[in-house]
Amino acid sequence: MGKNVLISGASIAGPALAHWLGRYGFHPTVVELAPALREGGQAVDFRGATHLTVLERMGVLDTLRGLQTGGRTTTFVDPDGRRRLRLPAEFTGGDIEVLRGDLSRTLYEASLPYTEYVFGDSVTGLTETADGVRATFRHGAPREFDLVIGADGLHSNVRRIAFGPERDFVTHLGYYAATWKLPNHLGLGRETVGCNTPGRLAQLGGGHRDPGLADAFVVFAAPELTYDRHDLTAQKALIAEHFAGIGWEVPGMLESLHGTSELYFDSISRADVPTWSRGRTALVGDAACGATIGGMGTGTGVVAAYVLAGELARAAGDHRAAFAAYEGRLREYAQGCQKGGDRTGRFLAPGRIGGRLRDALLNRPAVLNRMLDEGRKVSSVELPDYPAELAALAG
């Protein structure tokens with residue numbers, strides 16, 4: 001098996017995979033469409049022994065602990081501001097919560113000694129040959145690689161090229177979500193307040209870095225909508241349409257939306273790929289088995305990168321055996337984590353009856369604690385100690 005590996009995506013799973021491959025003697029190249037690492041972003045979390053063990057073996061656990069946000073308490077209110085439910089920071093923040101940009105930078109720096117990064121470019125074609133893959137790029141010259149890995153998220157470009165169109169693998173789960181920043185006129189600190197009406201959530205949270213800024217987050221129920229994923233004006237119009245007429249702080253949120261140039265907007269969806277590899281190309285993280293929100297995608301992506309690299313190093317020249325072992329070890333685990341994403345929309349923006357049921361149940365400490373315990377169990381799986389095992393074989 002050759003050692004030159006092309007990885008598409010420099011967010012989370014891509015740099016994590018590059019780090020491990022580099023440690024095992026591979027030569028990873030990461031190509032990323034964005035012109036540079038994406039800074040800031042929403043908070044992401046790790047929870048349970050498996051996530052923390054993999055981070056510790058990578059050598060980044062202490063760094064991330066130094067960057068953690070500490071989580072935020074979350075209060076749900078009605079349009080008149082009356083409290084319906086209050087959740088502790090542990091519920092949404094897990095064992096470690098960090099900003100996505102901080103995590104991406106930490107993994108990038110851990111992988112940098114071993115990795116070539118190419119920003120501002122993307123894969124346009126993949127042609128498998130007898131002993132490798134010829135990749136073409138939007139801007140760069142064609143190159144030959146031994147293996148190609150798609151670590152480019154739910155809307156994976158590599159999956160589209162090598163496996164088929166997105167519609168064959170991604171299922172809309174009935175909701176849309178959006179985030180942007182606005183002035184923190186409520187003076188929110190490490191707390192989040194969200195207003196529920198049937199099928200909708202409008203939420204404000206104190207900024208993690210700048211106390212003068214707040215994070216806006218909205219979720220709304222809708223069938224699959226037709227819009228341009230790169231058209232901010234169209235996306236803003238959809239948000240304004242679905243939140244028109246709601247009180248609380250929503251009018252001010254919509255007013256701030258008009259002036260923002262940094263908006264995240266996407267459907268809440270799930271990716272299901274029957275086989276995670278095809279020939280010399282494989283998928284990792286959300287590209288293979290992801291959910292937009294609530295599917296523990298960050299932790300699962302880091303775990304998947306660890307296993308894929310470990311199995312490739314174990315395989316002694318047989319990428320087919322490595323890909324099969326990787327998928328066999330992780331598919332059931334990843335799908336178990338992913339199921340949480342199926343419930344995210346209904347949890348955050350429930351209907352009238354669903355909202356009453358959610359609030360009644362989670363206002364009971366015993367039920368809340370049981371859900372936290374279940375989350376830790378779902379995110380845990382027994383994994384080989386690849387670094388120790390491979391070091392022993394080499395020694």
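Accessible areas here come from the Shrake-Rupley method with a 1.4 Å probe, and for residues only the protein chains shown count as cover. The model is a predicted one, where local features need pLDDT of at least 70, side-chain atom pairs count only at pLDDT 80 or more, and totals for chains, interfaces and linings use all residues. Residues are numbered from 1 along each chain as its sequence is written, and side-chain values use heavy atoms, leaving out hydrogens and water.

**View 1. The surface and what lies under it.** The protein chain shows about 17,100 Å² of accessible surface, and carbon and sulfur atoms hold 50% of that. Of its 395 residues, 52% are buried (under 20% relative accessible area, 1.4 Å probe, protein chains only).

**View 2. The whole chain.** Here you get 14 helices and 18 strands (DSSP runs: H or I of at least four residues for helices, E of at least two for strands). The C-alpha trace spans about 65 × 45 × 35 Å along its principal axes. Take contacts (heavy atoms within 4.5 Å) with a separation of 6 or more: 73% of them link residues 24 or more positions apart.

**View 3. A sheet of three strands.** This open sheet runs β8-β9-β10 with antiparallel pairing (strands pair if DSSP finds at least two bridges between them). β8 (123–128) and β10 (143–145) sit at the edges with a single partner strand each, so one side of each lacks a neighbour in the sheet.

**View 4. Zooming in on β8 and β9.** Five bridges join β8 to the antiparallel β9 (residues 133–137). Among the residues to look for, Val123 stands opposite Phe137 in β9.

Terms used
Buried < 20%, exposed > 50% of the residue type's maximum accessible area, 1.4 Å probe, protein only.
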